[in-house]
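Let us walk through this structure step by step. Keep the sequence and the 3D view side by side.

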Amino acid sequence: MESFFNHPLLFGEEILNQIHPFIGTWFDSVMAFFTWMGNESFYLTAIPLVYWCIDKRLAIFAGGAFLFGDFVNASLKDLFFNPRPNPDYLLDGIKELNIRYLPHKSPGFPSGHAQDSIVFWGALAFYLKKRPIIIASAVIIFLISYSRLYLAVHYLGDVLGGLVFGAIVLSAYMLTAAFLEKRYQDAYRGIALGLALLVPFVLSTIIPGHEPGKSLGVMSGFLVGIILEHEKIGYLARGTFLQLAGRCVIGFAGVAAIRFGLKAVMPQLAAADFLRYWMLGLWVTFLAPYLFSVIPRLKTAE
């Protein structure tokens, strides 16, 4: 792998200097927006929004793909542990973008933004199977990936690696999802619940680092919530505009309380991150829908 990571085209700053178009600060803002679309905060907005207000099954399919892909990416980054671009070798104007949008020097290969984008938007396009959605998803994947090069926070090899691993993860996820959907029955729900709790927790104790623990925690809570919601609620993602708006206010208030409030009071340990993100996943798929189903003004009429 040493020769691969030493390749000047794939892992050199000069290519970032050459492909950067100096066309104004307005384009910096455009690229920053698409980078935000690959951030954790975007997915923690988009997936609950779809789950609560648009299409529960779509949110489960695309959200599950993203969570699985994010865990794989965090594990790969810790495995390869390759550095990010060095701002000392970047041109003026690019160097400042690198420093601004990469405050913490986490490992670079493969790019999480590129990998997560192809997994999430690819799953969404596959599920909906509509040409405009497929085209829009492809454009978004490209722009998110390119934004990482424009902002010089990833090497070209990081982004290409993210796209390749993303395509592999998405293919594996879709095959696994299709296999499980055909064989999943009510009789096995207890087993599925136990596995959703146990397997991610065990993996979090084996795989070091905070990021894999976060991914495994939210994945476990997400899956447990889906199973419990199916058994006890049968949530319907429909209602009047005011009902949907009310659900978003309550739902995202809970997301913020768990994500930021618990972080302020819990110890900075990997186990605490696992628990916090587990509660986040459970909130999105079960606890928030349960509240929506018992508050009369937010409940969907049968």
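A residue is called buried under 20% relative accessible area, exposed over 50%, and partly exposed in between, using a 1.4 Å probe and protein chains only. This is a predicted model, where local features need pLDDT of at least 70, side-chain atom pairs count only at pLDDT 80 or more, and totals for chains, interfaces and linings use all residues. Residues are numbered from 1 along each chain as its sequence is written, and side-chain values use heavy atoms, leaving out hydrogens and water.

Start with the cysteines. A disulfide is a pair of cysteine sulfur atoms within 2.5 Å. The structure holds zero disulfides. Cys53 is in none, and its nearest cysteine sulfur, in Cys248, is 3.4 Å away. Cys53 counts as buried because its relative accessibility is 13%. Cys248 is buried too, at 16%.

Now find helix H13, residues 270-294, which contains Asp273. Helices here are DSSP runs (H or I, at least four residues), numbered from the N terminus. Asp273 has a relative accessible area of 7%, so this residue is buried. Its side chain makes a polar contact of 3.0 Å with that of Arg276. Such a contact is a pair of N or O atoms within 3.5 Å; within protein, one must be able to donate a hydrogen and the other to accept it, and residues adjacent in sequence count only if both atoms are side-chain atoms.

Val199 is partly exposed because its relative accessibility is 39%.

How far does the predictor trust its model? Its confidence in each residue is the pLDDT, from 0 to 100. The chain's mean is 90, and 94% of its residues reach 70 or more. Confidence is lowest in H10, at a mean of 72, and highest in helix H8 (residues 131-150), at 97.

Technical notes: Helix = DSSP H or I, 4+ residues; strand = E, 2+ residues; numbered from the N terminus. pLDDT = per-residue confidence, 0-100.
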